[in-house]
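Me: I would like to learn how to read a few features of a protein model. Please take them one at a time.

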Amino acid sequence: MKKFEGFQSETIDFLWELRMNNSKEWMEENRERYKAVLKEPFDAFAAELAELSPMFCGEKSKYSVSRINRDIRYSRDKSPYRPNRWVVLYDEKYRGTEWKLHPSFYFELMPEGYSHGLGMWCATPAYLTAYRKKIEANPAAFLRLAKKVEKDPLFHLEGEEYKKIRNESLDPLAQRWYRKKDVLMAAGGELEEIIFSPDLPQYLAEEWSRLKGMYQFLSTVEAEG
């Protein structure tokens with residue numbers, strides 16, 4: 001595998017054109033271009049991030065890169081391809097798609113910009129119950145973690161939340177985290193110079209290392225049953 005040298009302007013051009021020409025005919029005409037400017041650079045990028053994962057995960061992680069094909073069986077949008085690409089990095093003990101039920105770091109590249117951070121999007125009710133119990137077990141320790149993220153100039157808390165679940169004994173900041181059904185610490189913006197630099201994996205690893213404490217908290221939540 002080639003060393004990651006930064007994404008190219010042609011990578012962004014390809015994503016824009018795919019968004020505007022999302023068809024099998026167009027993709028077949030541009031299949032080799034797809035491999036050269038998107039697939040191969042992204043695979044190299046993901047592999048380098050995994051090598052740096054002890055910085056933000058504490059140990060070597062596995063990674064999964066999104067497929068270009070969309071599953072359109074149950075979607076009203078019948079566009080066959082994704083005009084974006086992402087990678088997730090997660091604990092190596094998970095098999096297949098188990099990572100979707102647990103916290104993972106992610107980076108997503110879109111035609112108009114990028115997003116990255118730490119999140120869990122498909123947590124089960126059992127996991128979220130255990131998550132809330134873990135907060136309640138040591139609210140002071142959790143509040144310190146939450147304050148660290150809150151003060152971070154880059155990441156901000158996102159994700160859906162339950163309207164009826166609450167614990168009034170908690171600090172208001174901890175209460176925000178307590179109600180979450182999707183916990184997401186996200187950053188990003190428009191396309192910047194770092195996106196086109198070979199230093200992008202190192203940059204992300206250093207930024208994500210600031211979320212290491214919250215990652216370890218989320219990773220040690222153990223759902224019953």
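**Burial, contacts, pockets and cysteines**

Reply: Leu 143 has a relative accessibility of 14%, so Leu 143 counts as buried. Buried means under 20% relative accessible area, exposed means over 50%, and partly exposed lies in between, with a 1.4 Å probe and protein chains only. This is a predicted model, in which local features need pLDDT of at least 70, side-chain atom pairs count only at pLDDT 80 or more, and totals for chains, interfaces and linings use all residues. Residues are numbered from 1 along each chain as its sequence is written, and side-chain values use heavy atoms, with hydrogens and water left out.

Me: In which helix does Leu 143 lie, and with what is Leu 143 in contact, leaving aside its neighbours within four places in sequence?

Reply: Contact means heavy atoms within 4.5 Å. Leu 143 lies in helix H6; helices (H or I, at least four residues) and strands (E, at least two) are DSSP runs, numbered from the N terminus. Apart from its neighbours within four places in sequence, Leu 143 touches Asp 171, Leu 173 and Ala 174. The C-alpha atom of Lys 78, 65 residues apart from Leu 143 along the chain, is 44 Å from that of Leu 143.

Me: How many residues does helix H5 have, and what should they span?

Reply: The expected span of a helix is 1.5 Å times one less than its number of residues. Helix H5 (residues 125-137) has 13 residues and should therefore span 18 Å; its end C-alpha atoms are 18 Å apart, which agrees. The buried residues of H5 are Tyr 127, Leu 128, Ala 130, Tyr 131, Arg 132 and Ile 135. These buried residues pack against strand E4 (113-120), helix H6 (139-151), helix H7 (172-178), strand E6 (183-190) and helix H9 (212-219).

Me: How is a cavity told from a pocket, and how many cavities of 30 Å³ or more are there?

Reply: On a 1 Å grid over the protein atoms alone, a cavity is a set of points where a 1.4 Å probe fits but cannot get out, while a pocket is an open set with protein on both sides within 12 Å along at least five of seven lines; lining residues have an atom within 4 Å of a point. Grid points are joined across faces, edges and corners, and a volume is the space filled by probe spheres set on the points. The count is one cavity of 30 Å³ or more. The largest cavity has a volume of about 30 Å³, and its lining is made of Leu 145, Lys 148, Val 149, Arg 210, Leu 211, Gly 213 and Met 214. H6 and H9 are the elements that give two or more residues to this lining, and the largest share, three residues, comes from H6.

Me: What is the volume of the largest pocket, and which residues are closest to its centre?

Reply: The largest pocket has a volume of about 410 Å³. Of its 17 lining residues, Ser 66, Arg 82, Trp 86, Trp 99 and Lys 100 are the closest to its centre.

Me: How many disulfides are there?

Reply: A disulfide is a covalent bond between the sulfur atoms of two cysteines; here the rule is a pair of cysteine sulfur atoms within 2.5 Å. The count is zero. The sulfur of Cys 122 is 18 Å from the closest cysteine sulfur, in Cys 57, too far for a bond. Cys 57 is buried at 8% relative accessibility, whereas Cys 122 is partly exposed at 40%.
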